[in-house]
Amino acid sequence: MHVTRQISRRAILKATGVAAGSASIATAATPSVAAGGAFAHPGLLHTGADLARMAAKVKAGASPYTAGYAKLTANRHAQSGWTPNPQAIVYRGTVYRGTGNPQNYGALYHDIHAAYQNALRYHVSGDSSHADTAVAILNAWSAKLTKVDGSADRFLAAGIYGYQAANAAELVRDHSDFARERFQEMLLDVFYSVSEDFLVNHNNGTSAPHYWPNWDLCNMACALATGIFCDDQAKVERAVEYFKDGDGMGSIKHAIPVVHDDGLAEWMEAGRDQGHSLMGVGLMSTICEMAWNQGIDLYGYDDNRFLKGAQYVAKWSLGGHVPYTPYALVDHRPGIQHPTNVATASPAQMRPVWAMAANHYTKRRGLSATYLTQIAAKAAPEGGGGDYGPNSGGFDQLGFGTLAFTRDKATDTKAAPKPAASASPAVGGGLAATGSGEIVGWTAAVGVTAVAGGLLFLRRRDRGRHGAS
């Protein structure tokens with residue numbers, strides 16, 4: 001039976017700390033995870049304190065939280081009447097080994113976003129019907145899904161939807177009807193195993209530099225989220241080590257290969273196109289935020305290298321000039337991509353990726369981030385899946401950052417990350433001080449009007465050597 005097979009595999013993974021049939025991502029890493037290897041829950045993109053803050057601010061009518069929450073409640077995925085459409089096998093990629101199996105991965109990402117949005121709406125509103133809907137969606141998929149398959153794009157599906165599924169589940173992990181153990185088994189067997197295989201083998205031994213950074217980044221996000229959700233410290237440590245020193249293009253010094261004299265750091269995919277660069281900022285922010293909530297500072301790694309890279313993409317996306325060093329002059333490994341100039345960027349192209357990084361660097365750490373500040377104001381209020389076009393590119397981020405990541409300025413901006421408190425948030429409790437003036441000031445200071453976001457239509461195909469997503 002399928003359940004028996006999953007439990008067996010889970011036992012193997014737990015015993016060995018590695019996907020069956022593949023080598024370990026890394027063996028030497030000692031991130032500062034919560035004492036004794038215990039993980040804080042909720043503790044992926046949102047902590048209990050974060051969820052309580054959202055609820056209190058919305059209840060108080062504080063801006064910009066109310067605008068962010070309005071984006072959530074208006075999204076069709078955030079409605080408690082959502083009916084799941086689980087599949088036994090999810091295919092991504094137009095042709096699978098000549099069989100012609102049709103792509104059906106849209107069913108997965110629509111349902112994951114519906115689960116996440118309903119779970120988030122529950123924590124803000126206290127309406128249990130939304131929690132029940134999220135649980136019903138997640139249970140339906142863990143009862144049926146056995147495999148993510150397809151062309152090489154299956155690695156994108158495993159990475160993106162694996163980290164997103166874990167985040168949706170984290171928000172309802174203590175719901176009495178949630179089949180948590182079965183969901184953990186699905187994460188390990190269906191998503192994590194594919195992600196680790198990619199990070200180790202890069203699609204059957206393909207040269208690691210062949211794939212653009214987002215392939216690594218989404219699979220690192222899946223590995224990290226799965227490790228935290230399943231309380232597996234070894235998996236978290238390997239994901240952190242890969243972020244710092246992995247061979248693939250998603251490790252930070254490959255994804256952000258050049259720090260320029262002006263303090264900006266070149267984003268490798270800026271030589272490719274704007275859409276994938278925005279996706280990369282969102283994925284790297286996601287990895288850094290999940291790690292931060294477990295006491296691991298990747299945001300500040302290598303002298304805030306991610307801040308410098310995000311600032312670069314923000315300036316470029318706002319229409320500013322940025323320098324570009326051809327990547328082939330930096331990395332001489334065989335199989336690398338060969339962009340030679342920075343691509344054209346449009347200020348109208350927007351994804352919900354900015355609030356998370358902007359609030360971390362300016363509010364938690366008290367650092368100057370002029371371009372992040374400007375573009376976060378322009379993107380506000382950030383929406384989520386379904387607000388940025390109907391294709392898969394509009395579902396690569398969970399979104400709603402204006403609601404979820406707007407925060408008051410920390411009193412101690414030099415503080416190191418600490419594991420989130422392991423407690424479920426109290427919905428509808430006492431109101432916190434709103435502290436809502438600073439985000440409004442962002443918009444006023446830069447003289448731009450907040451927009452919901454433009455349409456972004458991205459299609460990924462298995463296009464060969466230099467066409468990978």
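Modeller: Let's begin with the largest cavity: 17 residues line it, and T286, P352, M356, G399 and F405 lie nearest its centre. Keep in mind that this is a predicted model.

Colleague: What makes it a cavity and not a pocket?

Modeller: The 1.4 Å probe fits there but cannot get out, so it goes down as a cavity, whereas a pocket is an open set. Its volume is about 120 Å³, and the structure holds three cavities of 30 Å³ or more.

Colleague: Which elements supply at least two residues each to the lining of the largest cavity?

Modeller: Helix 11, helix 13 (354–364) and helix 15 each do that. Helix 11 gives the largest share, with three residues. By class, the lining has nine nonpolar residues, seven polar and one charged.

Colleague: What lines the second largest cavity?

Modeller: That space is about 60 Å³, and the residues around it are L108, D111, I112, I137, L138, W141, A165, F183, M186 and F191. Helix 4 (105–125), helix 5 (128–144) and helix 7 each give two or more of them. The classes come out as nine nonpolar, no polar and one charged. Asp counts as charged, so D111 is the charged one.

Colleague: On to charges. Why is the pair D408 and K57 called a salt bridge?

Modeller: The closest N and O atoms of D408 and K57 are 3.3 Å apart. The cut-off is within 4 Å, so the pair qualifies. D408 sits in the loop between helix 15 (401–405) and helix 16 (437–446), while K57 is in helix 2 (residues 48–60), 351 residues apart.

Colleague: What makes R173 and D231 a salt bridge?

Modeller: Their closest N and O atoms are 3.8 Å apart, and that is within 4 Å, so the pair counts. R173 lies in the loop between helix 6 (154–170) and helix 7 (180–205), and D231 in the loop between helix 8 (213–229) and helix 9 (233–245), so the bridge ties together parts 58 residues apart in sequence.

Colleague: Are R173 and D231 buried, exposed or partly exposed, and how do you know?

Modeller: R173 has 6% relative accessibility, so it counts as buried. D231, at 39%, counts as partly exposed.

Colleague: How do you know that E289 and R407 meet in a salt bridge?

Modeller: The N to O distance for E289 and R407 is 3.8 Å, which is within 4 Å, so the conclusion follows. E289 lies in helix 11 (residues 274–292) and R407 in the loop between helix 15 and helix 16, so parts 118 residues apart in sequence are tied together. E289 is buried with a relative accessible area of 1%, and R407 is buried with 10%.

Colleague: What makes D50, R53, E289, R364 and R407 one network?

Modeller: Salt bridges that share partners join them.

Colleague: And how many salt bridges does the rule give?

Modeller: The count comes to 17 salt bridges.

How values were computed: Residues are numbered from 1 along each chain as its sequence is written. This is a predicted model: local features need pLDDT of at least 70, side-chain atom pairs count only at pLDDT 80 or more; totals for chains, interfaces and linings use all residues. Side-chain values use heavy atoms; hydrogens and water are left out. A salt bridge is a side-chain nitrogen of Lys or Arg within 4 Å of a carboxyl oxygen of Asp or Glu. Helices (H or I, at least four residues) and strands (E, at least two) are DSSP runs, numbered from the N terminus. Buried means under 20% relative accessible area, exposed over 50%, partly exposed in between (1.4 Å probe, protein chains only). On a 1 Å grid over the protein atoms alone, a cavity is a set of points where a 1.4 Å probe fits but cannot get out, and a pocket is an open set with protein on both sides within 12 Å along at least five of seven lines; lining residues have an atom within 4 Å of a point. Grid points are joined across faces, edges and corners, and a volume is the space filled by probe spheres set on the points.
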